[in-house]
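Okay, quick one from me today.

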Amino acid sequence: MPYLHVYGYNLVYDRWGQGPPCVLIGYAADDWVDCGLPPGRSYVAVDLPGHGRSEGDAGLADDELAEYLVSFLMLQHLTEAELWVHPRARAIGNYLSERLSLAVSPAPGCSEASEGRAVS
């Protein structure tokens, strides 16, 4: 189980596939289980603090979670990767796009139906 230590927390992440890198923006890596992601990419999905397998405060605001994700991107040399956002994590995607000028796209194959899952 790979992880990266960021701002005092171990952020657990999953990496799979082959091809150009794509970072999947959600609260937890398992947000992507029901999404039909297209082949031909190398995907990275992070469990943000307090979600999934990562330790931390589950009550952090979306802008704070986005800052953890930015640090993760920088430390993993993924600042040029394509960023796809899960419907459930739109606020994080908006923050990355508006405040940090990163290009974020809705994830293809990820329906609104997967949006109703409980936050882990």
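This is a predicted model: local features need pLDDT of at least 70, side-chain atom pairs count only at pLDDT 80 or more; totals for chains, interfaces and linings use all residues.

By buried I mean under 20% relative accessible area, with exposed being over 50% and partly exposed in between, using a 1.4 Å probe and protein chains only.

Residues are numbered from 1 along each chain as its sequence is written, and side-chain values use heavy atoms, with hydrogens and water left out.

Back to the cysteines. How many disulfides does the structure hold? One. Cys 35 is joined to Cys 110, S to S 2.1 Å. Cys 35 sits in the loop between β3 (21-25) and β4, and Cys 110 in the segment after β6 (104-106), so the pair ties together parts that are 75 residues apart in sequence. Both Cys 35 and Cys 110 are buried.

Now the sheet. Helices and strands are DSSP runs numbered from the N terminus: H or I with at least four residues for helices, E with at least two for strands. Two strands pair if DSSP finds at least two bridges between them. What is the strand order? It goes β1-β2-β4-β3-β5-β6, six strands in an open sheet with mixed pairing. The edges are β1 and β6, each pairing on one side only. On average, neighbouring strands of this sheet are turned by 30° against each other, direction ignored. For angles, axes are lines fitted to C-alpha atoms, for helices over the stretch in contact, and angles run from 0 to 180 degrees between N-to-C directions.

β1 (residues 3-6) and β2 (residues 9-17) are antiparallel, with four bridges.

Four of the five residues of β3 are buried, so the strand is largely enclosed by the rest of the structure.

What about the helices? α1 (residues 62-75) lies across β1, β2, β3, β4 and β5, at about 120° to β1. The length checks out: at 1.5 Å a residue, its 14 residues should span 20 Å, and the end C-alpha atoms are 20 Å apart, which agrees. That expected span is 1.5 Å times one less than the number of residues. The buried residues of α1 include Leu 65, Leu 69, Phe 72 and Leu 73. Its buried residues pack against β1, β2, β3, β4, β5 and α2, where contact means heavy atoms within 4.5 Å. Just after α1, His 77 has a positive phi of about 60°. The other helix, α2, lies across β3, β5 and β6, at about 150° to β6.

Two histidines to finish. His 5 is in β1 and touches Asn 10 and Leu 75, leaving aside residues up to four places away in sequence. Its side chain makes a polar contact with the Asn 10 side chain at 2.8 Å; that's a pair of N or O atoms within 3.5 Å, where within protein one must be able to donate a hydrogen and the other to accept it, and residues adjacent in sequence count only if both atoms are side-chain atoms.

And His 86? That one is in the loop between β5 (82-85) and α2 (90-98). His 86 is buried, with a relative accessible area of 1%, and its side chain reaches the backbone nitrogen of Arg 88 at 3.0 Å.

Note on methods
A disulfide is a pair of cysteine sulfur atoms within 2.5 Å.
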